Amino acid sequence: MPAAYEHIVILTGAGISAESGLDTFRDKNGIWSKYAIDEVATPQAFRRDPQKVHDFYNMRRRRVREAQPNAAHYALARLEEAHDGEVWVVTQNVDDLHERAGSRRLIHMHGEILKVRCPACGAVLHWEEDLTPETPCPACDTVGCLRPHIVWFGEMPFEMDAIERRLEECDLFVSIGTSGNVYPAAGFIQSVRRNGTAQTVELNLDPSLGEDLFTLKLYGPAGEVVPMFVERLLAGQV
C-alpha cells in the first residue's frame, strides 16, 4: 500500500534532547538563563575572548558525549526506516543524538558540537576533545583559528536552500520540541502553509508561540508523545 505521506519533514529543537539530560535554551533554567549570549555565542565574543567561548563549548561537548538518545530519537529513526515515503529530520540541535539513534536523512541547520571548523583552510573535522586558542588545525597547522562548527548568533544557518526545497515538497510537517522563538526555524510552519496543503503537527511539552498554525497538536514529554505519534503514523491513523 502506498504511503499516505510521500515527503515528511520533521523539525526538532532542544526539547527532544531534554530527556537525555541536555539543557534547553530559553526555558526558565535553560542555557541562556546562565550564560550571556553576547559573551559566548557570537563571532564578536570569539574575537574578544576565544578562551571563554572555548570553555563554554568544551563544557557542552563533554555533556553531549555523556548523553544518550532517548525514546523520541529512536522513534524518529524507526519512522525513517519503516515508512515507505521519504523522511527528513531538520534539527536545530547541535548534538549527535539523532545519528546515534539511527537517523540518516538529517540536516543540522545550526551546526554540530562534535565538529570544528578552520576558517583559514575551510576544513571541517570531527572533534570530541577540548579546544583551546592554541590548538593547531590538523589540516593546515594554523594556530588560533579553530572554532566550534556552530552557527552563532548573527550567522546564517547551514543548508537553508536544501531545507527550503524540502519544505516546498513536504506533505507532512512535524515540529518537535521547539519554542517557536528562533528564526528562521520558527518561520518554517508559515512556509509550509504558503506552499500547499501539507498536514502540520506540533509535538511539544507545551504549546509553542506558533501553536495555532498547526492542525494537529499533542503535548507532553517527547519520550512519550513522539513514539505514540510515530506508531499512529505508521498505522495510517494520521
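Analyst: Happy to! Two strands pair if DSSP finds at least two bridges between them; strands (E, at least two residues) and helices (H or I, at least four) are DSSP runs, numbered from the N terminus. This is a predicted model, where local features need pLDDT of at least 70, side-chain atom pairs count only at pLDDT 80 or more, and totals for chains, interfaces and linings use all residues. Residues are numbered from 1 along each chain as its sequence is written, and side-chain values use heavy atoms, leaving out hydrogens and water.

Now to the sheet. Its 3 strands follow the order β5-β4-β6 in an open, antiparallel arrangement. β5 (124-126) and β6 (147-150) are the edges: each has a single partner strand, so one side of each has no neighbour in the sheet. Strand β4 (residues 111-117) is joined to β6 by 4 antiparallel bridges.

With K115 it forms a salt bridge (3.0 Å, N to O), meaning a side-chain nitrogen of Lys or Arg within 4 Å of a carboxyl oxygen of Asp or Glu. E112 counts as buried because its relative accessibility is 19%, while K115, at 27%, counts as partly exposed. Here buried means under 20% relative accessible area, exposed over 50%, and partly exposed in between (1.4 Å probe, protein chains only).

Another salt bridge links R147 and E155, with their closest N and O atoms 2.9 Å apart. R147 is buried at 7%, whereas E155 is partly exposed at 25%.
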